[in-house]
Structure formats: C-alpha cells, structure tokens
Amino acid sequence: MRLLKVATCNLNQWAMDFDTNLKNIKESILRAKQAGAVIRLGPELEITGYGCEDHFLELDTVSHAWECLKDILLGDWTDGVLCCFGVPVIKGSERYNCQIFCFNRKIITIRPKMWLANDGNYRELRWFTTRKQQNQLVDFQLPPDISEAILQDQVPFGYGFIYAVAAEVCEELFNPVPPHAELALNGVEVFMNASGSHHQLRKLDLRLHAFIGATHTRGGVYMYSNHQGCDGCRLYCDGCCCVVVNRDVVAQGSQFSLKDVEVAVAVVDLDAVSSLRGSISSFQEQASCKTTVAPVKVPYKLCKSFNLQEAVSYPFQIKYHVPEEEIAFGPACWLWDY
C-alpha cells in the first residue's frame with residue numbers, strides 16, 4: 001500500500017485583505033499538519049482573494065501576494081507538507097492566474113491556468129491571460145527579494161506535474177478536453193483543483209459529478225478546494241471542499257458555514273488507483289501512445305507504507321441540501337459575510 005494523507009480546505013478570504021487571508025492560510029496549514037497530512041490544497045487566488053477584479057491590474061497586488069508567500073516560506077509552514085497556493089504571477093508581459101507548489105521552504109514549480117472562466121459571472125480574461133504553450137516547462141526568474149530570501153533563483157513554469165501530483169484549476173475541469181485526462185495517462189494519481197466557485201441552486205451536484213466522472217474510468221485522487229464567503233463582491237462561494245477516490249467521495253466539507261477556516265482530511269491508497277487503471281484495457285492502450293507531459297523531478301517521498309494505526313478513508317454518502325435549504329442558507333450566509 002502507498003498511503004497518503006491529504007488535506008483540502010474552505011477558506012473565507014477577502015479581496016485585498018492580505019493580513020486576514022494570510023492568517024487563514026496559515027491556520028489551514030497548521031490544521032493539516034496537526035492531522036498528519038503531507039499535501040495541503042487551498043482555493044484559487046487564495047492569497048489575494050478571488051474577487052479583486054481590476055485590482056489584479058495593479059502591480060502592488062502581485063507584489064503584496066509575493067510578500068505573503070515569502071512570509072510563509074521563511075517560516076516552518078511548508079516543512080514536510082506539499083502546499084499549493086493560488087497567486088497572481090507576472091511573467092514577462094503576461095499576467096497569469098497561477099498555482100505555486102511549495103515544499104520544505106522552497107518553490108517547486110509554478111503552474112499557470114491554461115483555460116480561464118469568462119462566461120456567466122466570470123471575467124478572468126479581463127485580468128489574466130491563458131498559458132498557451134502546453135507541454136512545455138520554462139525557467140521562471142523569481143523576484144529578487146524572494147530569490148534572496150529563500151536562496152533560489154529559478155523555478156519551472158508551465159504545464160507539468162510533480163511525480164504523481166498535478167494541478168487542474170477550476171474551469172479547466174469543465175473543458176471539453178480537461179487536463180486530467182492527459183495527466184492520468186502520464187501517471188498522475190493526485191489531481192489538485194483550486195477553485196473560486198460561486199453558489200448556484202443545485203450547482204454542487206454538477207461539481208461532484210464532474211469529480212466523480214474524472215476518476216471513474218481513469219482512476220485517481222481528486223482534491224477540491226473552494227472559497228466560502230462573499231469575498232467582498234456580489235457572489236457567494238459555497239465551499240464544499242472534498243476528496244474523491246476512484247469516483248467515491250471520502251471527505252467532504254460544509255457547503256454553507258460561517259467559519260473562516262475548514263479543513264477536510266482523508267487517507268488515500270494510491271495503489272487502489274494503480275489497480276483500477278491496470279484493470280481497464282483501453283486505459284492501458286491509450287497510455288502506451290500518450291502525449292508526454294513534462295515532469296518536474298523532486299527528491300522527495302510523501303507516501304507511507306501500510307500501517308495498522310492509519311486506516312484508509314472509506315466512501316460515504318454525499319451530503320446534499322434540499323433546494324429549500326439552499327435558498328435559505330445561501331443568501332443568509334452572504335448577508336452575514338457582507
């Protein structure tokens with residue numbers, strides 16, 4: 001058995017409130033470490049808040065986000081825990097919505113979002129650009145103060161994966177050709193989806209079916225993190241962080257809550273993912289002729305072998321609110337936050 005304890009969270013972040021956001025992030029990491037987790041996932045753009053809107057166009061917003069990340073890396077927060085943070089990043093002349101992977105006080109890689117949400121309530125293309133150079137990792141020069149603080153000059157930037165772990169950011173899951181399909185064929189077993197998803201009546205069922213579908217015929221551990229609160233704008237993000245393994249939900253957070261930090265933890269067995277994939281002939285055939293995705297090589301090991309004191313998380317029935325409860329809880333939580 002290859003046991004892995006993972007943690008995902010709901011965070012009540014606020015646009016441009018860097019101090020509060022940083023406090024919530026640190027609290028979520030602390031709870032994850034206390035639970036023994038070795039992977040921690042937070043929501044999309046968690047350091048700045050998702051709803052900064054045109055503040056994303058200001059250089060100070062990006063600079064303050066890097067300062068917060070430096071604060072985290074200079075402490076012991078990432079010691080022994082692979083953390084994924086949502087941060088806006090400028091590379092050259094482009095501004096990207098990124099997930100930054102950190103471990104043991106170092107930045108492992110920066111993964112820019114490749115497909116942006118730009119319909120309905122979302123206008124991400126107003127502030128960010130898509131990363132169009134797929135299957136390509138390039139060197140990213142860290143800002144001078146970050147480089148000096150953590151003694152690291154460059155990090156890989158682009159679409160890739162870390163051994164068996166990869167990011168799939170919010171909207172990318174709902175594309176006609178989502179990244180997790182290709183990543184699964186390349187051997188990725190843990191998918192980390194940082195999201196900024198707002199509440200809409202019965203939308204939770206759509207999300208969960210997407211997570212279940214992503215791991216049904218391909219296998220995998222699908223981690224989902226979301227904001228929970230109004231973030232200072234007109235929308236209410238309804239949390240419900242969760243962990244899905246081979247289409248079974250094994251951990252689920254609340255959909256409506258007044259808590260600033262909520263962490264869901266699960267113990268998963270990656271051998272169960274390998275076993276399912278090995279039993280599907282068509283998966284094996286497609287994996288043999290896959291398009292190669294660039295890996296980021298790291299000298300770390302996160303899995304543990306079988307331990308009688310560490311039970312694997314078992315599937316349970318998904319918790320849904322009836323429509324009447326959603327109608328009551330959603331606006332009430334938004335008003336409380338606002």
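This is a predicted model: local features need pLDDT of at least 70, side-chain atom pairs count only at pLDDT 80 or more; totals for chains, interfaces and linings use all residues.
Residues are numbered from 1 along each chain as its sequence is written, and side-chain values use heavy atoms, with hydrogens and water left out.

Me: How far apart are the end C-alpha atoms of helix α2?
Reply: Helices (H or I, at least four residues) and strands (E, at least two) are DSSP runs, numbered from the N terminus. The expected span of a helix is 1.5 Å times one less than its number of residues, so the 16 residues of α2 (residues 59–74) should span 22 Å. The computed distance agrees with that, at 23 Å.

Me: Which residues of α2 are buried?
Reply: Buried means under 20% relative accessible area, exposed over 50% and partly exposed in between, with a 1.4 Å probe and protein chains only. By that rule, the buried residues of α2 are Thr-61, Val-62, Ala-65, Trp-66, Cys-68, Leu-69, Ile-72 and Leu-73.

Me: Why is β4 described as largely enclosed by the rest of the structure?
Reply: The description rests on burial within the strand, which has 10 residues. It is largely enclosed because the buried residues of β4 number nine of the 10.

Me: Which residue in β5 is the bridge partner of Ile-100?
Reply: Two strands pair if DSSP finds at least two bridges between them, and β4 and β5 pair in the antiparallel sense over six bridges. The bridge partner of Ile-100 in β5 is Ile-110.
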